Amino acid sequence: MEELSLDMTGLGQLLLKRDILYNKISSRERNGLIEFAIESGEEAGLKVLADGIDKDKPCAYIEKYCKINFLRHKAPLPIYSECLLKDGTINIYCSEIDNLYLKLSEEGYMVDRNRLYNIFLLHEFFHVLEERESGSVSSIRKIKVFKFLFWEIKRGISQLSEIAANSFLRTIIGGLPIKYICKEDL
Ligand SMILES: [Zn+2]
């Protein structure tokens, strides 16, 4: 499988740019936020590795925390997977991932189907874990979006959770297939 050439910081910069609040974050703050998200993901990844997750067959470990649905029907949105925190459920849209698998194979990438599934599973699993442990990574570090006299409004950067989720799965299974990262939902 061809691996993504971006390092986690490069990927973090890419993801942060997609955040709706990106322009509110000063360039001075950006690197620190990305670093924080990467470290949060790494830390969580090392923890589950130490706790015995099988990186090739992570389902048994994940199912100790939540339910996994492998769905055959088309996803309601252009997504491959989702995490429903309220229900404690991860939905994996198999037909979407299988299509991605075929597309990547046709384009000449050496893709391991099992690993492709695990990328999505682990990504969503991180969101389950972050909520259970210390609250979402996005809500821990907030930025000031408005300030007037003593009144200020702070907001979380939702992409920090996405950066952390990718750092988490990379800590566990290594890099990502290069095309996968271009997809909108990452
Ligand atoms: Zn996510």
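Q: How many bridges join β4 to strand β5?
A: In this predicted model, β5 covers residues 151–156. Strands β4 and β5 run antiparallel. The number of bridges joining β4 to β5 is 6.

Q: Which residue in the hairpin of β4 and β5 takes a positive phi?
A: This hairpin has 2 residues between the strands. The positive phi there is near 50°. The residue that takes it is Leu149.

Q: Of the 7 residues of strand β4, how many are buried?
A: Strand β4 spans residues 142–148. To count as buried, a residue needs 20 or more other C-beta atoms within 10 Å of its own.

Q: In β3, which residue is the bridge partner of Leu84?
A: Strand β2 (residues 81–84) pairs with strand β3 (residues 89–93). The pairing is antiparallel and extends over 4 bridges. In β3, the partner of Leu84 is Thr89.

Q: Where in the hairpin of β2 and β3 is a positive phi found?
A: Between these strands the hairpin has 4 residues. The phi in question is near 60°. The residue is Gly88.

Q: What pattern does the chain follow when read along the sequence?
A: The secondary structure comes to 7 helices and 5 strands. Read along the sequence, their order is α-α-α-β-β-β-α-α-α-β-β-α.

Q: What is the radius of gyration of the chain?
A: For 186 residues the globule rule gives 16 Å. The value for this chain is close to that, so the chain is as compact as a globular protein of that length. Along the principal axes, the C-alpha atoms fill a box of roughly 55 × 35 × 35 Å. The radius of gyration is 17 Å.

Q: What share of the contacts with a separation of 6 or more comes from residues 24 or more positions apart?
A: Buried residues make up 34% of the 186 residues in the chain. Among contacts with a separation of 6 or more, residues 24 or more positions apart account for 65%.

Q: Is Leu129 buried or exposed?
A: Leu129 is found in helix α5, residues 113–133. It has 21 C-beta neighbours inside 10 Å. The cut-off is 20 or more, so Leu129 counts as buried.

Q: Which residues is Leu129 in contact with, leaving aside its neighbours within four places in sequence?
A: Lys67 is 62 residues from Leu129 along the chain, and their C-alpha atoms are separated by 13 Å. With neighbours within four places left aside, the contacts of Leu129 are Ala44 and Tyr65.

Conventions:
Residues numbered from 1 in each chain as written. Predicted model: local features only at pLDDT ≥ 70, side-chain atom pairs only at ≥ 80, totals over all residues. Buried ≥ 20, exposed ≤ 12 C-beta atoms within 10 Å, placed from the backbone. Pairing = 2+ DSSP bridges. Rg over C-alpha atoms; globule rule 2.2 N^0.38 Å. Contact = placed C-beta atoms within 7 Å.
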